[in-house]
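Here's a quick briefing to read with the model open beside you. Have a look at the fold first, then work through the points.

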Amino acid sequence: MKQPTISQYLLSTCLYTIDEFNERYGHLPREELKKIADEKFNEMDITVRLGYPFKNTVHYTVGDMKQRGSKVNHDLFVESKDFKVEIKYLKNWKTNTGTNTNSKEWAEYQKDFDWLTEEIENGFKGKRAFVIGWFNCVDTISRYLQLGNGRGNKPIVNEERIAYLPFLRRIKVPTYTSDLIYNYDCAYEQISLNLIGEKNPNLNCIFLGNKEDVFHFAIYY
């Protein structure tokens, strides 16, 4: 018998979360919203919201032992449905010089993408997901993610990285990271990822959010 997939469960929960943040923060200017995003929210705030509909059937930060003794933590694990979800919250943090920088190296996100791809290849399509959430308070998502080659002020985009973000659009070529903007025309639609070097990743994405929304999600499954 056909059962609901993990993306179907997550879709409604993410939409409710967007509505919640719109009601709470929709009236704020971007500068104030950015301060709230960086200082008052963390990954666990988003994780708890996504896990709440599963009530007492969900476990948080469950370790899964991999080869060579390395450990992968699944932020949400619903044992009864064999659902496992990785979650990342995008934000900036202050350096010692007072400037903003990315909260995580790209390798942290690549690790989750690799895990999801491997799980799908092993037959867990519909049971695994990777969710990224962020407040819509910066002019480009590259303010949160290291999407360029190198660390200069205006790096050229890394094509392998932006392949994971099919909801972005280039405004000119050659493309610097600051030239990437959201393509809201593809919101709420399933997108198949065309990953460089992958013959058949069977990986899909759905981008949730409109220009007026204060929070965005990207669900990978």
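Residues are numbered from 1 along each chain as its sequence is written, and side-chain values use heavy atoms, with hydrogens and water left out.

**Confidence**

- The protein chain averages a pLDDT of 88 (the predictor's confidence in each residue, from 0 to 100), and 86% of the residues score at least 70.
- Residues 67-71 stay under 50 in pLDDT, and the model has 5 contacts for them beyond four places in sequence (contact means heavy atoms within 4.5 Å).
- Where pLDDT is low, the predicted coordinates should not be read in detail.

- Helices (H or I, at least four residues) and strands (E, at least two) are DSSP runs, numbered from the N terminus.
- Strand 6 covers residues 128-135, and 8 of its 8 residues are buried, so the rest of the structure largely encloses it (buried means under 20% relative accessible area, exposed over 50%, partly exposed in between, with a 1.4 Å probe and protein chains only).
- In a regular strand the side chains alternate between the two faces of the sheet.
- Here both faces are covered: one side has Arg-128, Phe-130, Ile-132 and Trp-134, the other has Ala-129, Val-131, Gly-133 and Phe-135, and all are buried.
- Strand 3 runs parallel to strand 6, joined by 7 bridges (two strands pair if DSSP finds at least two bridges between them).
- Strand 11 (residues 215-220) runs antiparallel to strand 6, with 6 bridges joining the two.
- Ile-132 is a handy landmark: Lys-88 stands opposite Ile-132, and Ala-218 is the bridge partner of Ile-132 in strand 11.

**Aromatic rings**

- A pair of aromatic rings is described by the distance of the centres and the angle of the planes.
- The count comes to 27 aromatic pairs (rings of Phe, Tyr and Trp, using its six-membered ring, pair if their centres lie within 6.5 Å; planes under 30 degrees apart count as stacked, over 60 as edge-to-face and the rest as tilted).
- Take Tyr-89 and Phe-135: their ring centres are 6.4 Å apart and their planes at 85°, so this pair is edge-to-face.
- That pair links distant parts of the chain, with Tyr-89 in strand 3 (residues 83-90) and Phe-135 in strand 6, 46 residues apart.
- Tyr-89 is buried at 1% relative accessibility, and Phe-135 is buried at 0%.
- Tyr-182 and Tyr-184 have ring centres 5.6 Å apart and planes at 50°, so they make a tilted pair.
- Tyr-182 is buried at 11%, whereas Tyr-184 is partly exposed at 23%.
- One aromatic cluster is formed by Phe-21, Tyr-25, Phe-41, Tyr-89, Phe-135, Phe-215 and Phe-217.

**Charges over rings, and Arg-128**

- The charged end of Lys-84 sits over the ring of Phe-77, 5.3 Å from its centre (a charge sits over a ring if NZ of Lys or CZ of Arg is within 6 Å of the ring centre and within 35 degrees of the ring normal).
- Arg-128 lies over the face of Phe-124, at 4.1 Å from the ring centre.
- Arg-128 is in strand 6 and is buried, with a relative accessible area of 3%.
- A polar atom of the Arg-128 side chain lies 2.7 Å from the backbone oxygen of Asp-82.
- Beyond four places in sequence, the contacts of Arg-128 include Trp-115, Glu-119 and Tyr-221.

**Asp-75**

- Asp-75 is in strand 2 (residues 71-78) and is buried at 12% relative accessibility.
- The side chain of Asp-75 reaches the backbone nitrogen of Ile-87 at 2.7 Å.
- Among the residues that Asp-75 touches, beyond four places in sequence, are Thr-47, His-59 and Val-85.

- The peptide bond from Val-173 to Pro-174 is cis, with omega near 0°, and Pro-174 is in the loop between strand 7 (168-170) and strand 8 (180-182).
- Lys-55 has a positive phi, near 55°, in the loop between helix 3 (43-51) and strand 1 (58-65).
- Asp-82 also has a positive phi, near 55°; Asp-82 is in the loop between strand 2 and strand 3 and is partly exposed at 27%.

Notes. Predicted model: local features only at pLDDT ≥ 70, side-chain atom pairs only at ≥ 80, totals over all residues. Polar contact = N/O pair within 3.5 Å; in protein donor to acceptor, adjacent residues only side chain to side chain.
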